[in-house]
Amino acid sequence: MDLEQPSAEHAARPWVDIDLAALCANYAMIRAQAPAAETAAVVKCNAYGLGMEPVATALAEREKCRTFFVAYAQEGAALRNLLNSADAKIYVFNGPTAETTPLYERAALTPVLNSLEQAKTWVRLRPGAPAALHIDTGMNRLGAPASEITEIAALQGLSIELTMSHLACSSDPANPMNDAQREKFLELAAAFPNARKSLAASGGTLIDARFHFDLVRPGIALYGGSPFDVDDARIKPVARLCAPVIQVRTIAAGEAVGYSATFAARTQTRIATVALGYGDGIPRAGSGRAEAFIAGGRARIAGRVSMDLISLDLAGLTPDVQAGDYAVFLGEEVSLFEAAAACGTFPYEMLTSLGRRIERRYFS
Ligand SMILES: *Cc1c(COP(=O)(O)O)cnc(C)c1O
């Protein structure tokens with residue numbers, strides 16, 4: 001991606017550059033990791049905050065991705081409209097209710113059934129229409145429990161084309177719960193011998209082939225985030241978050257910066273204030289801890305993150321920073337993983353929190 005200077009129009013507010021070529025490269029990397037499986041794409045929550053339309057369009061057109069997962073039927077209907085193609089398969093994780101079932105029909109969505117109750121609703125309203133079944137294997141969040149499987153398998157008119165489950169601990173490849181869930185999944189999915197199987201999100205996919213089965217469902221790795229408790233060099237950054245400097249000042253030793261005066265300068269210090277804040281999704285927990293890249297080096301946040309402003313401590317940076325320059329908070333220079341950790345969160349929350357006020361710019 002070109003590291004472009006902001007245009008005049010961007011100079012006064014934050015923006016995020018979204019590299020669709022890197023998104024596609026991440027998809028291709030995952031497909032290469034799981035060559036025997038189909039690679040779907042999870043695009044819920046507005047494609048993890050990066051924009052469902054450009055993301056899904058790039059994956060469908062350039063990478064020929066044919067299977068997508070969203071959380072809500074409404075997200076699925078929006079995706080169906082923008083994909084402009086009837087052959088894409090759209091699964092809805094949260095499953096149908098009597099009220100949303102008509103939307104499934106209209107937008108040709110396939111539900112993921114998560115309980116005997118949802119399965120009964122679906123066969124009653126759409127007998128014979130295909131569905132996926134999420135089987136709970138120990139996460140105890142969403143999915144049909146083991147005790148319901150026999151009854152679900154016996155439902156007349158139910159057509160399960162895909163069984164799936166979700167790993168609770170794939171952020172830690174060595175966690176024994178991964179294999180325990182895999183065993184449980186094999187045992188319970190056997191009640192649906194003709195259905196394809198899916199167990200892996202990004203984490204399971206990147207651990208190894210034991211978790212791949214017929215279809216993998218990556219989300220975060222497509223968007224440049226590591227699914228693990230450490231960074232993962234196989235994943236390319238996709239989002240580059242930038243904020244313009246709107247004022248630079250020099251403060252004397254002992255002077256403070258920001259709300260509650262939590263930063264005190266030890267020596268004479270240059271402070272750059274940028275247009276970005278917790279109102280844009282930068283956690284206040286990053287106060288005094290997170291770093292941005294500016295003027296060829298790293299600058300730590302000085303004092304508290306405000307709603308629309310962050311002050312950076314320019315100590316140790318030689319080139320003179322001026323209003324109109326910009327600081328990079330996420331990207332090649334500061335990984336999503338590092339930035340999230342410094343803010344007391346993790347890549348998923350960091351991305352999905354990026355405020356609507358931040359302009360998204362797309363690069364191919
Ligand atoms: C969100 C989600 C995914 C994608 O997870 P990542 O960790 O982002 O790859 C896959 N499966 C289910 C059931 C999910 O809820």
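Hi everyone. Let me start with a term: a polar contact here is a pair of N or O atoms within 3.5 Å. Keep that cut-off in mind, and also that this is a predicted model.

So, which side chain has an N or O atom 2.5 Å from an oxygen atom of the ligand? That would be S202, and at 2.5 Å the pair falls within the 3.5 Å limit. R217 contributes through its side chain too, where an N or O atom sits 3.0 Å from a nitrogen atom of the ligand. With G219, the backbone takes part: one of its N or O atoms is 2.8 Å from a ligand oxygen. On its own the ligand has 390 Å² of accessible area, and the protein covers 91% of that.

Let's look at the neighbours. There are 14 residues around the ligand, and K44, Y48, S202, G219 and Y348 come nearest. Sorted by class, this shell holds 8 nonpolar, 3 polar and 3 charged residues.

Now, where does the ligand sit? The space it takes is the largest pocket, whose volume is about 720 Å³. Its lining is made of 35 residues, with K44, Y48, R141, H166 and Y348 lying nearest the centre. By class, the lining divides into 20 nonpolar, 10 polar and 5 charged residues.

Finally, the helices. Helix 2 (44-48), helix 9 (202-207) and helix 11 (347-353) each give the pocket lining at least two residues. Which helix gives the most? Helix 11 does, with 4 residues.

Thanks, everyone. Happy to talk it over.

Conventions:
Residues numbered from 1 in each chain as written. Predicted model: local features only at pLDDT ≥ 70, side-chain atom pairs only at ≥ 80, totals over all residues. Heavy atoms only, no water. Near = heavy atom within 4 Å. Polar contact = N/O pair within 3.5 Å; in protein donor to acceptor, adjacent residues only side chain to side chain. Areas by Shrake-Rupley, 256 points an atom, 1.4 Å probe, with all protein chains shown as cover. 1 Å grid on protein atoms, 1.4 Å probe; cavity = no way out; pocket = protein on both sides within 12 Å on 5 of 7 lines; lining within 4 Å. Sits in = over half its atoms within 2 Å of the grid points. Nonpolar A, V, L, I, M, F, W, Y, C, P; charged D, E, K, R; others polar. Points joined across faces, edges and corners; volume = space filled by probe spheres on them.
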